[in-house]
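User: I am new to reading protein models. Can you take me through this one?

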Amino acid sequence: MLTIDETHDPALLSWVESANDHADFPIQNLPLGVVSHLGGPGRGAIAIGEMVLDLAALAASGLLEGDAQAAAEAGCGESLNALLALGHLPRRALRRAVSALLAAGSAHRDAIEGLLIPMAQTRPQLPARIGDYSDFYVGIHHAQGVGALFRPDQPLLPNYKHIPIGYHGRASTVRTSDTPLVRPHGQIRDAATGAVRYEPTARLDFELELGLWIARGNPLGSPIPLARAHDHMAGLTLLNDWSARDIQAWEYQPLGPFQSKSFLTTVSPWIVTCEALAPFRLAQPARPQGDPRLLPYLFDEADQAHGALGLELRATLASAAMRRAGTAPLELCRTQARAMYWTLGQMVAHHTANGCALESGDLLGTGTISGAEAGTRGSLLEITRGGADPLALPGGETRTFLEDGDEVALHGRFVAPGRRAIGFGACRGIVMPPALV
Ligand code: CA
């Protein structure tokens with residue numbers, strides 16, 4: 001998982017000129033995705049600057065061989081599940097071959113140029129058929145902040161530092177960026193009167209998370225050891241776990257979130273591969289003194305040495321009035337992926353520790369990634385302290401939770417000293433009025 005090679009060279013430039021100053025997709029990134037071109041069926045692709053490289057056309061070009069050719073062929077269809085299932089060696093071979101073909105000075109520029117499509121002519125789709133989606137709770141400052149709102153005397157429950165806490169989410173309602181969010185209805189209990197009604201949520205929230213795409217699965221009954229977890233990880237995406245706090249507060253006991261989360265989950269459409277993020281690996285922050293010892297299945301020296309990420313995360317909000325006035329979006333938070341108490345590898349190891357089978361294309365959310373200080377909190381529940389401290393927007397509006405017309409966007413940037421930064425692309429959504437019921 002740590003192999004840094006010529007594809008990561010920060011001096012590497014592409015003959016695709018839009019890549020060279022691109023915030024997200026320089027030649028050092030080469031994320032995998034599926035796009036529809038001019039309304040056609042989805043096709044596997046690699047993003048490079050403002051262009052996408054069609055994997056089916058690449059596979060037919062005769063320019064690849066061996067593992068790289070096998071990977072491109074597996075990525076030809078309307079989802080990348082077959083490509084993800086090949087694991088990291090063919091994925092890496094494809095990356096190295098594509099990097100060489102797109103690099104400035106490539107002898108094959110003329111052949112490849114005809115296989116590129118302007119990204120503006122495409123619509124991103126989900127990169128994989130998601131069989132299952134689970135959401136963890138590894139952002140310890142989020143767990144503490146939210147816990148303190150409900151249980152001031154015991155913000156963190158006793159299991160938090162023993163178990164990577166998670167629940168099974170709804171795979172069928174994961175969508176890519178720019179899918180409108182229709183304000184959901186649900187059962188809501190009026191705290192003052194105790195009356196229970198079915199009505200649109202009044203406490204609609206976002207959650208700033210990462211999504212981990214599963215590469216190879218595991219057979220039922222065969223846990224994935226932490227030391228092998230990287231073989232089963234394909235890459236990352238931004239993930240907004242939209243949440244209805246009033247529905248959640250009424251329904252969550254005793255079995256956890258259900259309708260408060262299942263109405264929509266938005267992801268950025270490109271998979272930033274584990275190969276691309278190799279230069280951005282960091283040591284997992286030391287567990288504070290007094291924290292319980294990790295059980296052996298959750299401890300691995302390499303995972304502790306390289307399991308965290310140099311990744312800056314932000315969320316922004318632009319109301320309809322702000323967009324009409326041309327006002328820049330307001331930064332809601334700026335945080336670091338290092339605030340994860342558990343690593344991605346520990347999430348995979350724990351998910352399968354009981355023999356649960358993961359499959360290629362499964363999606364694991366990290367949970368909200370908040371920092372400890374003001375300005376670093378990844379949900380309005382924390383930012384406004386449950387609605388008690390309204391947020392001032394430019395232009396005089398205020399917010400406790402999201403209003404119709406609000407647009408929330410998540411942003412992520414992998415950074416490391418001496419390395420070319422890379423990003424995810426868009427993860428946005430606008431809140432629409434509730435459906436008539
Ligand atoms: Ca969540």
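Analyst: We will go through the metal site, then the domains. This is a predicted model, where local features need pLDDT of at least 70 and side-chain atom pairs count only at pLDDT 80 or more, while totals for chains, interfaces and linings use all residues. Residues are numbered from 1 along each chain as its sequence is written, and side-chain values use heavy atoms, leaving out hydrogens and water.

User: Which residues coordinate the calcium ion?

Analyst: Donors are N, O and S atoms within 2.8 Å of the metal (3.2 Å for Na, K and Ca); water is not among the atoms, so sites may look incomplete. Here Asp135 (OD), Glu207 (OE), Glu209 (OE) and Asp241 (OD) coordinate the calcium ion at 2.2 to 2.4 Å. Their spacing in sequence is D-x71-E-x1-E-x31-D.

User: Is glutamate 207 buried or exposed?

Analyst: Buried means under 20% relative accessible area, exposed over 50%, partly exposed in between (1.4 Å probe, protein chains only). Glutamate 207 has 4%, so it is buried. Aspartate 241, at 0%, is buried too.

User: How is the protein divided into domains?

Analyst: Domain bounds come from an automatic or database domain assignment. Domain 1 covers 6–125 and domain 2 covers 133–432. Their centres, taken over C-alpha atoms, are 28 Å apart.

User: What area is buried between domain 1 and domain 2?

Analyst: Interface size is often given as the accessible area lost when the parts come together. The loss is found with a 1.4 Å probe and summed over both parts. Here about 2300 Å² is buried, and carbon and sulfur atoms give 59% of that. His8, Leu84 and Arg91 supply 23% of the area that domain 1 buries against domain 2.

Conventions. Buried area is the accessible area (1.4 Å probe) that two parts lose on being put together, summed over both.
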